[in-house]
Amino acid sequence: MNRLTLPESLKITKNYSNGSFITTDKRFDNISPVDGEKLSEVCEADRALVDATVKAAKEALNGPWGKTTVEERADYLFKVANIIERRYDEFIAAEVLDTGRPVHQAKALDVYRGMHNLRTFAEIFKHEYTTTECYESNLPDGSRLLNITRRNPLGVVVSISPWNLPLLSATWKAAPILMAGNTVICKPSEESPSSATLLAECFDEAGVPPGVFNVLHGFGKDSAGAFLTENPAIDAITFTGESGTGSTIMRTAAAGVKPVSFELGGKNAAIVFEDADFDAAVDGIIRSSFTNSGQVCLCSERVFVQRSIFDKFVQAITEKTEQLKVGWPEDDQVYMGPLVSKGHREKVLSYMKLAVEEGATVHTGGIVPEFGDGRDRGAYVRPTIWTGLSDDARCMQEEIFGPVTHLSPFDTEEEVIARANNTNYGLAGVIWTTNLSRAHRVAPQINAGIVWVNHWFARDLRTPFGGNKLSGVGREGGRHSMEFYSNLSNISIRI
Ligand code: NAD
């Protein structure tokens, strides 16, 4: 098995501002969660660089970018996607080394979706981004008004991303932002900076004008994240991350009444009815609980299983989970790599301890595996299954964001809907049933932005995506992204 290496250009991971790659003296280490090795030094953007980037992004709106047609912008994104395709292996190395996800996942999900986001939003906007409405009004004096509603860019959009799906998140935002004619400043997570700078190399090679696409590295508080959101010249913020961070950014944005779009945390419920395809449900719950080491906002941390199949289900899922291979991301047989960092592992381990204190039975997991090699310096935990917690336990109410899931029995449809909705979050839900009427009856009653029936995670990018309650503000995807990233103006013409 060959270990991956980070592309040479990323050994000093640079900012990309106004068409130039910029180093800074203040740097932080990018540490691999696989074996604790230092991967690179990342150049942190200070306030002066942040302000200069916002200024350049503003000026770019009045440059050639401001005159591009939607078709020309689509051509740029297709070009960037083709360059990603050519440099696929470098993107895989960047994503895998930063986060420890298995190579097969980075290939099929992260880098694939990175490309696909660019191509899909280019296509959608090409066909849909146009004058939206037209009304004729008749006035009492016999004259007529023609009202035409036009779309205009918002301006400079700040896009702040988390570490769990770095390239996917960055492109999911940047593509519609740019297609709507805006300029963008991406602030990737400090935990996963590499693929954003690689993406900047692709935009640079594609000849996208300076100032249109920018990447600034750093942390949140007292660093690039806060400097960006505090800058009065920005025009909108799109943020993906923890609900608490969203709340802080919302307070900052309030000062300038900036529009915000937030994709935040979740404490998602999955429901398995007794009529479900049993084996498919077991495999589906394993996937929705442990994909990416449970570090997907859409993962199921609360699973409700109908009482008649509960014991059999717990036994089957425990046996299969014990067989999941945890280890080197480059190993094709590995299901789960490490968590993103040792810091995050501390948080997950603290919940594993708390769950036991709160009365959980641990069926499998709850431990740090020992390998006897470099992985012991990494951030691994075994996938974990609990039963026995009450619905109001902290481990049942707080987002843990690791490979942990809790199974509870339930009796009736009415009961399980109420229990699934007993959370301050409202991001996603999963239902396993072969009863079509039940699927239609239950799905709309789950208070969440997305509900999957008999599958999980697959998305059509034209559909709305977002969360309710603590899980977010607004919807993106397809036309919904178009709505958020453009300002409408009505032009009223007297005829
Ligand atoms: P986080 O909130 O800690 O950080 C996210 C980003 O915000 C990082 O780039 C960070 O540097 C920046 N940031 C932190 N404080 C800031 C501040 N005060 N001002 C400006 N920027 C700031 O989140 P995380 O730990 O990176 O990601 C995990 C979280 O993301 C989980 O809660 C998960 O559910 C959520 N998430 C949600 C979705 C969704 O679509 N709803 C998708 C992925 C992840």
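A: Let's start with two terms: contact means heavy atoms within 4.5 Å, while helices (H or I, at least four residues) and strands (E, at least two) are DSSP runs numbered from the N terminus. This is a predicted model, where local features need pLDDT of at least 70 and side-chain atom pairs count only at pLDDT 80 or more, though totals for chains, interfaces and linings use all residues. Residues are numbered from 1 along each chain as its sequence is written, and side-chain values use heavy atoms, with hydrogens and water left out.

Q: What does α2 pack against?

A: The buried residues of α2 pack against α3 (88–99), α4 (103–128), α5 (166–179) and α6 (194–205). Buried means under 20% relative accessible area, exposed means over 50%, and partly exposed is in between (1.4 Å probe, protein chains only). In α2, the buried set is V70, R73, A74, Y76, L77, F78, V80, A81, I83 and I84.

Q: How far apart are the end C-alpha atoms of α2?

A: First, the expected span of a helix is 1.5 Å times one less than its number of residues. Helix α2 (residues 70–86) has 17 residues, so it should span 24 Å, and its end C-alpha atoms are 25 Å apart, which agrees.

Q: How many residues does the largest nonpolar core have?

A: In soluble globular proteins, nonpolar side chains tend to be buried together. A nonpolar core is a set of buried Ala, Val, Leu, Ile, Met, Phe, Trp, Tyr and Cys residues joined through side-chain atoms within 4.5 Å. Here the largest one has 101 residues, and I84, L199, F213, V272, L298, F313 and L407 have the most contacts inside it. Helix α4 gives the largest share of this core, 10 residues. Leaving aside neighbours within four places in sequence, I84 touches F91, V111, M115, L118, L199 and C202. A second, separate core has 22 residues, including V50, V54, A224 and L228.

Q: Is H116 buried, exposed or partly exposed, and why?

A: H116 sits in helix α4, and it counts as partly exposed because its relative accessibility is 29%. H116 and D51 are 65 residues apart in sequence and 31 Å apart in space, C-alpha to C-alpha.
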